[in-house]
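Me: I should like to learn how to read the packing of a model such as this one. Please take me through it feature by feature.

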Amino acid sequence: MHASSLSFRLAVLFVIAGMAMGIGMAMTQNHALMPAHAHLNLLGWVSLFLFGIYYERRPTLDTSRLAMIQVVLWSLGTVALTVAVSAIHLGYHAAEPIAALASLVVLAAMILFAYFVFRPERDVAPGPAVHLSPAE
């Protein structure tokens with residue numbers, strides 16, 4: 001499996017979970033989990049989908065083990081952070097160290113992604129060829 005495929009698949013699972021969480025809050029009229037809901041949708045759905053697009057545009061990176069590690073780290077951090085933020089907003093403040101650790105995992109995964117973005121472009125997929133013909 002490629003990093004892009006994993007990113008896209010996980011993003012879809014995260015958005016389904018986020019939507020279910022949002023519907024649950026609406027049904028109960030209890031929006032205490034809104035911060036966790038926002039984290040899940042932004043980190044899980046939006047960010048992972050954007051990672052997938054980036055990886056898909058860079059085929060060599062897309063097949064690298066390091067890119068897969070980045071996606072997995074990001075996803076595990078996102079799950080842990082969402083659960084911890086949910087617990088905190090439900091009154092279980094003992095989850096704060098878990099939220100802190102999960103935040104550091106997500107940060108580490110973003111630093112790894114930043115490395116991919118800022119390193120020299122040596123594996124960017126070529127765009128469509130543009131052929132210019134002289135005007136007649």
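**Contacts, core and helices**

Reply: Leaving aside neighbours within four places in sequence, F116 is in contact (heavy atoms within 4.5 Å) with Y54, Y55, L61, L66, A67 and Q70. This is a predicted model, in which local features need pLDDT of at least 70 and side-chain atom pairs count only at pLDDT 80 or more, while totals for chains, interfaces and linings use all residues. Residues are numbered from 1 along each chain as its sequence is written, and side-chain values use heavy atoms, with hydrogens and water left out.

Me: What is the mean pLDDT of the chain, and where is confidence lowest and highest?

Reply: pLDDT is the predictor's confidence in each residue, from 0 to 100. The chain has a mean of 87, and 88% of its residues reach 70 or more. Confidence is lowest in α2, at a mean of 89, and highest in α5, at 95.

Me: How many helices and strands does the chain have?

Reply: Both are DSSP runs numbered from the N terminus: helices are H or I, at least four residues, and strands are E, at least two. Here there are 5 helices and 0 strands.

Me: Which residues have the most contacts inside the largest nonpolar core?

Reply: In soluble globular proteins, nonpolar side chains tend to be buried together. A nonpolar core is a set of buried Ala, Val, Leu, Ile, Met, Phe, Trp, Tyr and Cys residues joined through side-chain atoms within 4.5 Å; buried means under 20% relative accessible area, with a 1.4 Å probe and protein chains only. The largest such core has 30 residues, and L48, Y55, V71, W74 and F116 have the most contacts inside it. At least two residues each come from α1 (3-28), α2 (34-56), α4 (65-89) and α5 (96-118). The largest share, 8 residues, is supplied by α4.

Me: Which residues of α5 are buried, and against what do they pack?

Reply: The buried residues of α5 are A99, A102, V106, A109, L112, F113 and F116. They pack against α2, α3 (59-62) and α4.

Me: Why does the distance between the end C-alpha atoms of α1 agree with its 26 residues?

Reply: The expected span of a helix is 1.5 Å times one less than its number of residues. α1 should therefore span 38 Å, and its end C-alpha atoms are 37 Å apart, which agrees. Buried residues of α1 include F8, F14 and M25, and its buried residues pack against α2, α3 and α4. Just after α1, Q29 takes a positive phi of about 60°.

Methods. Buried means under 20% relative accessible area, exposed over 50%, partly exposed in between (1.4 Å probe, protein chains only).
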